[in-house]
Amino acid sequence: MSKPLEGIKIIDFTHVQAGPACTQLLAWFGADVIKVERPGSGDVTRNQLRDIPDADALYFTMLNSNKKSLTLDTKKPEGKEVLEKLIRESDVLVENFGPGALDRMGFSWERLNELNPKMIVASVKGFSDGHHYDDLKVYENVAQCAGGAASTTGFWDGPPTISAAALGDSNTGMHLAIGILTALIGRDKTGKGQKVAVSMQDSVLNLCRVKLRDQQRLDRVGYLEEYPQYPHGEFSDVVPRGGNAGGGGQPGWILKCKGWETDPNAYIYFTIQGHAWAPICKALGKPEWIDDPAYKTAEARQPHIFDIFATIEEWLADKTKFEAVDILRKFDIPCAPVLTMKELANDPSLRASGTIVEVPHSVRGSYLTVGSPIKFSDLKPEVTASPLLGEHTEEVLASLGYSQQEIFNLKEIQAV
Ligand code: CAO
């Protein structure tokens with residue numbers, strides 16, 4: 001069966017995480033993704049945090065599967081010439097260089113559009129064009145701070161906190177992938193390419209939209225009833241850090257289970273859904289709470305919600321996180337164990353669904369990666385190894401019409 005993006009040729013001028021996450025996704029879905037890398041060094045993540053000497057680091061292999069690697073010094077005239085040929089026959093160019101780098105290389109949007117008016121040019125930058133910080137280089141944690149995630153994550157008595165989830169990097173890459181697919185559909189109608197730009201700040205803020213909701217509620221009423229600060233604590237004029245509070249209309253918290261004293265992850269997340277109050281009381285062996293006016297409504301529960309959580313923790317004291325969830329699931333209570341990376345890596349369900357996949361690699365042996373989180377009825381994305389640096393240089397140059405002698409000469413000039 002042909003894959004939906006088969007026939008779409010993508011110049012992958014990306015590095016580190018935000019851009020590569022985007023192009024990897026498109027490669028899984030069938031696009032021909034050619035990663036253009038600097039001769040001799042390539043994407044910096046090939047060397048970062050290596051666990052095996054002389055083998056591409058996991059940081060690289062887990063973000064660049066299913067791609068080809070073409071080494072090309074695009075600052076040299078011969079490299080520019082190859083890139084121009086590639087541009088003329090590609091559908092998309094994706095880049096996440098620092099601000100202005102592509103222009104300095106001689107490939108401004110205007111020039112790219114002139115070379116191939118049908119090509120979509122997709123960029124990740126830290127801040128959007130015209131923003132007062134649009135000259136800044138940005139990494140993940142910088143974006144989490146700039147996009148509102150850090151000020152709203154963590155505990156109220158601690159500093160702003162970074163999430164381990166790549167809200168700035170991979171999340172921005174996913175936004176960009178949506179933009180590229182939209183522009184491709186648009187091109188089918190107009191025949192024209194366009195520029196697609198996503199900033200890391202905007203992408204983080206998009207995921208923090210409920211915090212902007214909360215800022216407006218706070219401005220209006222002066223408190224936020226689902227936060228731990230309510231009703232006994234203080235609110236200032238900015239959205240506070242709410243610890244592990246649920247962000248919707250149902251309170252939740254991370255609760256200790258059996259073994260928490262020695263196992264830092266012996267916890268579950270427990271949600272108190274309003275309409276599930278009766279099942280919760282039954283599950284906890286507290287049927288008397290069902291109609292007790294001090295417990296019956298969400299409003300009545302809120303002032304002593306942490307006493308309720310403490311009672312649930314007493315119930316959890318002799319149950320592991322897995323045993324607790326197995327009981328609570330029967331009562332329709334939204335909950336989950338706090339899972340470690342080790343548990344996730346070995347989870348049979350995730351292996352069966354293709355979310356955790358083992359990929360053979362010619363140098364490092366097999367490694368685990370996260371496969372497509374998007375599941376289709378008519379497409380099963382296969383994850384193949386990331387390319388070695390320059391692995392496909394000859395193949396790509398030959399496909400552009402270069403003879404063996406020209407390829408040899410080019411490689412000499414480029415010092416590949
Ligand atoms: N041949 C020749 N030169 C190449 C090349 C190639 N194949 N590929 C890249 N280069 C050059 C670029 O032209 C640029 O040169 P100049 O700065 O002289 O114009 C340089 O390599 C790359 O610069 P950079 O600014 O992208 O790299 P950096 O390591 O200084 O910064 C980063 C990295 C990520 C902070 C920056 O790229 C950035 O802000 N990107 C946008 C935001 C982003 O995507 N960040 C997320 C990264 S994931 O955490």
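1. S65 is buried, with a relative accessible area of 1%; buried means under 20% relative accessible area, exposed over 50%, and partly exposed in between, with a 1.4 Å probe and protein chains only. This is a predicted model, in which local features need pLDDT of at least 70 and side-chain atom pairs count only at pLDDT 80 or more, while totals for chains, interfaces and linings use all residues. Residues are numbered from 1 along each chain as its sequence is written, and side-chain values use heavy atoms, with hydrogens and water left out.

2. S65 sits in the loop between helix 2 and strand 3 (68-71). Helices (H or I, at least four residues) and strands (E, at least two) are DSSP runs, numbered from the N terminus. The side chain of S65 has a polar contact of 3.1 Å with the side chain of W28, and another, of 3.4 Å, with the side chain of N66. A polar contact is a pair of N or O atoms within 3.5 Å; within protein, one must be able to donate a hydrogen and the other to accept it, and residues adjacent in sequence count only if both atoms are side-chain atoms.

3. W28, the partner of S65, is also one of the buried residues of helix 1. After helix 1 comes G30, with a positive phi near 115°.

4. Some backbone angles deserve a look. Most residues other than glycine have a negative phi, and most peptide bonds are trans. V16 has a positive phi, near 60°, and is not a glycine. It lies in the loop between strand 1 (9-13) and helix 1. V16 is buried, at a relative accessible area of 10%.

5. D54 is likewise not a glycine and has a positive phi, of about 65°. Its place is in the loop between strand 2 (32-37) and helix 2 (58-61). D54 counts as exposed, at 69% relative accessibility.

6. The peptide bond from Y230 to P231 is cis, with omega near 0°. P231 belongs to the loop between helix 9 (209-221) and strand 7 (252-256).

7. Turning to the ligand, 24 residues surround it, and the closest are R38, K75, K137, V138 and D169. A residue is near a molecule or strand if one of its heavy atoms lies within 4 Å of it. By class, this shell has 10 nonpolar, 6 polar and 8 charged residues. Ala, Val, Leu, Ile, Met, Phe, Trp, Tyr, Cys and Pro count as nonpolar, Asp, Glu, Lys and Arg as charged, and the others, Gly among them, as polar. The largest share of the shell, 3 residues, is from helix 4 (residues 101-105).

8. A backbone N or O atom of T74 is 3.1 Å from a ligand nitrogen atom. In the side chain of N96, an N or O atom lies 2.9 Å from a ligand oxygen atom. A polar backbone atom of F97 is 3.4 Å from a ligand nitrogen atom. Taken alone the ligand exposes 950 Å², and the protein buries 84% of that; accessible areas come from the Shrake-Rupley method with a 1.4 Å probe, and for residues only the protein chains shown count as cover.

9. V138, listed among the closest residues to the ligand, is in the loop between strand 5 (120-125) and helix 6 (140-146). V138 is buried, with a relative accessible area of 16%. From V138 to F97 the C-alpha distance is 10.0 Å, and the two are 41 residues apart in sequence.

10. L284 lies in helix 10 (residues 277-284) and counts as buried, at 10% relative accessibility. The C-alpha atoms of L284 and W315 are separated by 6.6 Å, although these residues are 31 apart along the chain.

11. For the protein overall, there are 17 helices and 11 strands. Of its 416 residues, 45% count as buried. The C-alpha atoms fill a box of roughly 85 × 45 × 40 Å, taken along the principal axes.
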